[in-house]
Amino acid sequence: MVLNFAHRGSLTEAPENTLPAFQKAIEHGTKAMELDVQLTKDNRLIVCHDHKLTRFNKSATGLIKDYTLDEIKQIDVGASFNQEFEGTTISTLEEVLEICPKSILLNIEIKNIPVLYEGIEKILLQKLAEYNRLENIIISSFDHLALKKVQEINPTLPLGMLFHYRILNTWDYAKMSGLNIYSIHPNHVFVDQDFIRNCQNQGYKVYPYTVNTLDRYEELVKFDVDGVFSNTPDIFTSK
Ligand code: G3P
Ligand code: CA
């Protein structure tokens, strides 16, 4: 079975990584969703991809790590997408956990490069425990040291290893890392059938990102991909 992830919610229909975007993905009946987490100055987990909010609001020029949650909640990130979303703010992880059914596989990506969030792993796992959301979840990161810290705190959580660039024998690297890797999340541009087979032969699922055209999606399905991250509702809802 192919299991596709709504990438940052349904980001073509609402501002990415916000509650309306996750709500849309849920309404589409997505089986899985991806989101990015970072820490505010007062160590609150917020859901955002970029380290700054400038892409969504030109006057918000600071780094997320330098705003408190109260300050971040004053910043409109919806109007630049569409006036309909004026007043939408960055969501906290708690807000997303409150609306995300437990039946949806949730992939939480720790954004830890180039800004490094000391202690984000512990704060994240505490929050997930508080919300009873340690099941049906994958914790991923491009920062494999963050994955190691997650494993040290909770050795049972499935980990997703993200790769932006090609490295030699990714599947062997994952195996040698000693981490509890459940899935490999490669940039789709370098994924072919051999890559998928090699990863799967080592016992890993392969979830490439971000696959937005039906042609490429169908090609990956022919290669027996386990699922993809996608911005396209037709893809992230396809079975
Ligand atoms: O987790 C898959 C994908 O989201 C990783 O890349 O840059 O979109 O966070 P990025
Ligand atoms: Ca991401």
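Guide: Let's begin with Ala 174, which sits in helix H6, the run covering residues 170-176. Bear in mind as we go that this is a predicted model. Ala 174 is buried, because its relative accessible area is 0%, and the cut-off for buried is under 20%. Who are its neighbours? Leaving aside residues up to four places away in sequence, Ala 174 touches Met 161, Ile 181, Ile 184 and Tyr 204. For a sense of scale, Ile 99 lies 75 residues from Ala 174 in sequence, and their C-alpha atoms are 33 Å apart in space.

Now to another buried spot. Thr 40 is in the loop between S2 and strand S3, the latter spanning 45-47. With a relative accessible area of 3%, Thr 40 is buried. Its side chain makes a polar contact of 2.6 Å with the side chain of Asp 42. Beyond residues up to four places away in sequence, Thr 40 also touches Ile 46, Ile 64, Lys 65, Tyr 67, Thr 68, Leu 69 and Ile 72.

Next, the metal. The calcium ion, ligand 2, has three protein donors: Glu 34 through OE, Asp 36 through OD and Glu 109 through OE, at 2.1 to 2.2 Å. Along the sequence these donor residues follow the spacing E-x1-D-x72-E. Asp 36 and Glu 109 are both buried.

Glu 34, Asp 36 and Glu 109 are among the residues surrounding ligand 1, together with His 7, Arg 8, His 49, Lys 111, Phe 142, Leu 162 and Tyr 209. Sorted by class, this shell holds three nonpolar, two polar and five charged residues.

Some of these residues place polar side-chain atoms by oxygen atoms of ligand 1. For His 7 the distance is 2.7 Å, for Arg 8 it is 2.8 Å, and for Asp 36 it is 3.5 Å. How much of the accessible area of ligand 1 does the protein cover? On its own ligand 1 has 290 Å², and the protein covers 91% of that.

Notes. Residues numbered from 1 in each chain as written. Chains lettered and ligands numbered in written order. Predicted model: local features only at pLDDT ≥ 70, side-chain atom pairs only at ≥ 80, totals over all residues. Heavy atoms only, no water. Donors = N, O, S within 2.8 Å, 3.2 Å for Na, K, Ca; no water. Buried < 20%, exposed > 50% of the residue type's maximum accessible area, 1.4 Å probe, protein only. Helix = DSSP H or I, 4+ residues; strand = E, 2+ residues; numbered from the N terminus. Contact = heavy atoms within 4.5 Å. Near = heavy atom within 4 Å. Polar contact = N/O pair within 3.5 Å; in protein donor to acceptor, adjacent residues only side chain to side chain. Areas by Shrake-Rupley, 256 points an atom, 1.4 Å probe, with all protein chains shown as cover. Nonpolar A, V, L, I, M, F, W, Y, C, P; charged D, E, K, R; others polar.
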